[in-house]
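Here are a few exercises for getting to know a new structure. Have a go at each task before you read its solution.

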Amino acid sequence: KEKEKVFKGIVSIGGALPPSMIPSISAREKAKTPVLVLHGSESEYVGEDEVDLIEREFENVKVVEWKRPDDGMPRSREEVLPMMEFFAERLKSGWP
């Protein structure tokens, strides 16, 4: 059996993942690559439909909704912390 290829992780800040990053919905297993999605509470790009699509295709998805309404780069410790924890967790997991 061919060894499954897994990225260390995917981080999306204020945007849904592009279709090229999401395998087509099929009978195959969910992708094992961990995904972190960060977005504003009133994001115009990340909503329930986009999150549902990501969760259908990836096994490990964490979604963080900021208190501020808009998307963009994190502006405070509270907004950056989930991303830093994700990076730390991914780096601790070692290299293939």
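Two strands count as paired if DSSP finds at least two bridges between them. Strands (E, at least two residues) and helices (H or I, at least four) are DSSP runs, numbered from the N terminus. This is a predicted model, where local features need pLDDT of at least 70, side-chain atom pairs count only at pLDDT 80 or more, and totals for chains, interfaces and linings use all residues. Residues are numbered from 1 along each chain as its sequence is written, and side-chain values use heavy atoms, with hydrogens and water left out.

**Exercise 1.** Work out in which order the strands of the sheet lie.

*Solution.* Start with the parts list: the chain has two helices and three strands, running β-β-α-β-α from the N terminus. Next, look at one pair: E1 and E2 run parallel and are joined by four bridges. Val11, for instance, has Leu36 in E2 as its bridge partner. Now put the strands together: the open sheet has the order E1-E2-E3, with parallel pairing. Strands E1 (10–13) and E3 (61–65) are at the edges with a single partner strand each, so one side of each has no neighbour in the sheet.

**Exercise 2.** Find out how the helices sit against the strands.

*Solution.* Angles here run from 0 to 180 degrees between N-to-C directions, with axes being lines fitted to C-alpha atoms, for helices over the stretch in contact. Take H1: this helix lies across E2 and E3, at about 160 degrees to E3. Then take H2 (residues 77–92): it packs on the sheet and touches E1, E2 and E3 (contact means heavy atoms within 4.5 Å), and its direction makes about 170 degrees with that of E2.

**Exercise 3.** Track down the residues of the largest nonpolar core.

*Solution.* You're after buried Ala, Val, Leu, Ile, Met, Phe, Trp, Tyr and Cys residues joined through side-chain atoms within 4.5 Å. Buried means under 20% relative accessible area (1.4 Å probe, protein chains only). The largest such core has 10 residues, including Ile10, Val37, Ile54 and Phe58. Strand E2 (35–39) and helix H1 (48–57) each supply at least two of its residues. A second, separate core of six residues includes Leu38, Val64, Trp66 and Phe86.

**Exercise 4.** Describe the surroundings of Glu65.

*Solution.* Leaving out residues up to four places away in sequence, Glu65 touches His39, Gly40 and Ser41. Finally, Glu65 and Val37 are 28 residues apart along the chain, with 8.3 Å between their C-alpha atoms.

Methods:
Buried means under 20% relative accessible area, exposed over 50%, partly exposed in between (1.4 Å probe, protein chains only).
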